[in-house]
Amino acid sequence: MKFVDIIKTSNSNLRRSKLRTFLTLLAISIGTFTLALSLGLGQGLRNYISSELGQYKGVNLYQVEKTTLSNFSGFGNHDPILYDENKSPSSANYQNNFLSPSEISQIKQVKGVQNLELPYAVVFEYATSPSGIKYEASNSTFLSQSPFNVVTGKNLTSNDPGSVLISQKYLPLVGAKDINSAIGKILSVTYKNSKGLLSTMSFSVKGVYEPSLIQAPIIVNRQDAEKIAKEQAPAGSPLVNFVFISKASDVTDAQIKSNLSNAKFTGRSFADINNTLNNIITGVQISLAAFSGIAILASVVGVINTLFMAVLERTREIGLFRALGSKKRTIFYLFSVEAALLGFWGGIVGILFAFLAQTAINKIAANTFLKGVDGIQLLNIRPSLVVFIIVVISVITWIAGLLPAFKASQVDPIESLRYE
Amino acid sequence: MLEVVNVNKIYGKKDKAFNALSNISLSFDKGTSNAIVGKSGSGKSTLLHILIGLDHPTDGSVLYNEKNILNDMNTDTWRGKNVGIVFQQFFLQPNDSVLDNVGLPLKLQGISKKIRNIKAAEALKKVGLEDRMKSKANDLSGGQKQRVAIARALVDNPSILIADEPTGNLDTENGDAIEKLLFELQKKLGTTLVIVTHDTDLAKRCERVIYLKDGKIEKDTKKEKKS
């Protein structure tokens, strides 16, 4: 029998007992639906992180902090810990994790480290628009290696006092109607110094960049950031608990991390951060997929049951086929392909429902808890994922159908022709 | 053409052993009509199953053109290409069209739909049902169903046509018509016909009648050919 005829015959056999087939397909489609959603959720998050961190790909930038950061033991519910002179004291408030000027010099001297930059922690109370409206003014310090997708104007340089970059969404703060008219406009910010007194400083907008989740909406030049940070910190206190460095071209990623580690510092590139986030998502995805697996397992039992029923119902037909010259393997193919088709159609139905759910959930998410976060699709069921799921489900149900198919192929044709 | 050589069939073992067939040797010549007659339990169905390779004899062999159908060839392929079978219960696919039912043996052989539809239409013409080829098998009368079964058996021009109680499920009128059709087609196509029946009237229409009793050949009669 030709394979195409086996598929057609198996497919038409599914229509013989419509209710039974429907119920089996329903069970498979529920499993497929949950699997598609869980994998689609992971893919959606992964895509978003990748698009956000993608601009850092290949960027020579490492975040360096004290290795002792992991020694946090602020929670009181533990037994007394013996003092170890080789370890920094544990802390409940991270104060001891700030980098002192000598430690910053130590990092500078680590072999392979170049271009060390401090990410000054500057706090603005508010920004005042030309029309007098006060806005929150979240910001970060410009880092020379940090990539910005500047859509108009120019990027900052490491020596650019008086300038800022603003996000495309922050045009109202400078009273600009469009991105082109924002260049050269004044951003007026107010901050508190260490004594609680308010000061105001004005910056000129040098460039407007495409907003991104991990970039602050205002990027302050290094010189002014340092000045304000010093005003805001109590006299003599350290300013940062991590720094950014670039590595020299003659050292590898592993070497710079090893050199930093030997000096009791930890260096992480953005690729590491990306990998960590992806690992977390993969973990979540596997957990969700495991739940889907339970639903699929239940549907597999349904497939086996359906196929055994079909073998019983079609015993005489099996006998007829054998009497008319059909080989045992043809009977085996007919039933095993029928099982695979149950998975295939169940998969298609499940995927269709998953697409409907995806549209609805993404819409609801965009209008509620993800409102204002551009570029994120919570669920992203890609075509390759659809093919993957349908193939996997078909293979699983095909395997489930092997035993009933084998039983069908072993039916005694003489007995089956007598079967009532 | 088709020979049964010293065939024994024993069911069960030792004390419970039962001889369904004992030392049966028969030869069916090409283009002849033959009947195997016997009461229930005489062994005629067992002999039929062994003849078409659905069952294996305990001893002995079945030869087709001097080749053992079980050892010298693929029995399923041989049966599909050389043997047409008509059953008492018709065994049609109720929801399939008449054309698809008749083309089923060809489908099992892997023949394309186009060719099997042509051949099935020709076979239906032979049994006078060319106008019902699109009907569902379920919509036919008993007599028509058996005609479809005959067309299915003849669709690939087999050299052997086996009919197992072909009129057993039909009323007298339809039974007579099917009998007539079987013999007409057998003569016209030159097929070797083997009818298994307990109906002696039907058997007597064959050129040769083999009487089975308790698994043994009781009598083997041949009509003398009219000169």
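Me: Among the elements of chain B, which has the lowest mean pLDDT and which the highest?

Reply: Helix H6 (residues 172-189) of chain B has the lowest, at 87. Helix H3 (residues 98-108) of chain B has the highest, at 95. pLDDT is the predictor's confidence in each residue, from 0 to 100. Chain B averages 90, and 98% of its residues score at least 70. The model scores ipTM 0.91 and pTM 0.74. This is a predicted model: local features need pLDDT of at least 70, side-chain atom pairs count only at pLDDT 80 or more, and totals for chains, interfaces and linings use all residues. Residues are numbered from 1 along each chain as its sequence is written, while chains are lettered from A and ligands numbered from 1 in the order in which they are written.

Me: Which residues of helix H2 (residues 75-82) of chain B are called buried, and what do they pack against?

Reply: Thr75(B), Asp76(B), Arg79(B), Gly80(B) and Asn82(B) are buried. The term needs 20 or more other C-beta atoms within 10 Å of the residue's own; 12 or fewer is exposed, in between is partly exposed, and C-beta atoms are placed from the backbone. These buried residues pack against strand E4 (59-64), strand E6 (83-86), H3 and strand E7 (160-164) of chain B. Helices (H or I, at least four residues) and strands (E, at least two) are DSSP runs, numbered from the N terminus.

Me: What makes H2(B) stand out on the side of chain B that touches chain A?

Reply: H2(B) gives five residues, the largest share of that side. The contact takes 16 residues from chain B and 14 residues from chain A. Two residues are in contact if their C-beta atoms, placed from the backbone, lie within 7 Å. By class, the side of chain B has six nonpolar, five polar and five charged residues. Here Ala, Val, Leu, Ile, Met, Phe, Trp, Tyr, Cys and Pro count as nonpolar, Asp, Glu, Lys and Arg as charged, and the others, Gly among them, as polar.

Me: Why is strand E1 (residues 62-66) of chain A described as largely enclosed?

Reply: Four of its five residues are buried, so the rest of the structure largely encloses E1(A). Five bridges join E1(A) to strand E12 (residues 265-269) of chain A, running antiparallel. There, Lys66(A) has Phe265(A) as its bridge partner. E1(A) also pairs with strand E11 (residues 242-247) of chain A, antiparallel, over four bridges. Pairing takes at least two DSSP bridges between two strands.

Me: Why do E6 and strand E10 (216-222) of chain B count as edges of their sheet?

Reply: The open sheet has six strands in the order E6-E7-E8-E3-E9-E10 (chain B), with mixed pairing. E6 and E10 of chain B each have a single partner strand, so one side of each is left without a neighbour in the sheet. Within the sheet, strand E3 (residues 33-37) of chain B runs parallel to strand E9 (residues 208-213) of chain B, joined by four bridges. Ala35(B) stands opposite Val209(B) in E9(B).

Me: Which residues touch the most other members of the largest nonpolar core?

Reply: Ala151(B) and Ile162(B) do, in a core of 112 residues. A nonpolar core is a set of buried Ala, Val, Leu, Ile, Met, Phe, Trp, Tyr and Cys residues joined through C-beta atoms within 7 Å. Helix H10 (residues 328-367) of chain A gives the most to this core, with 12 residues.
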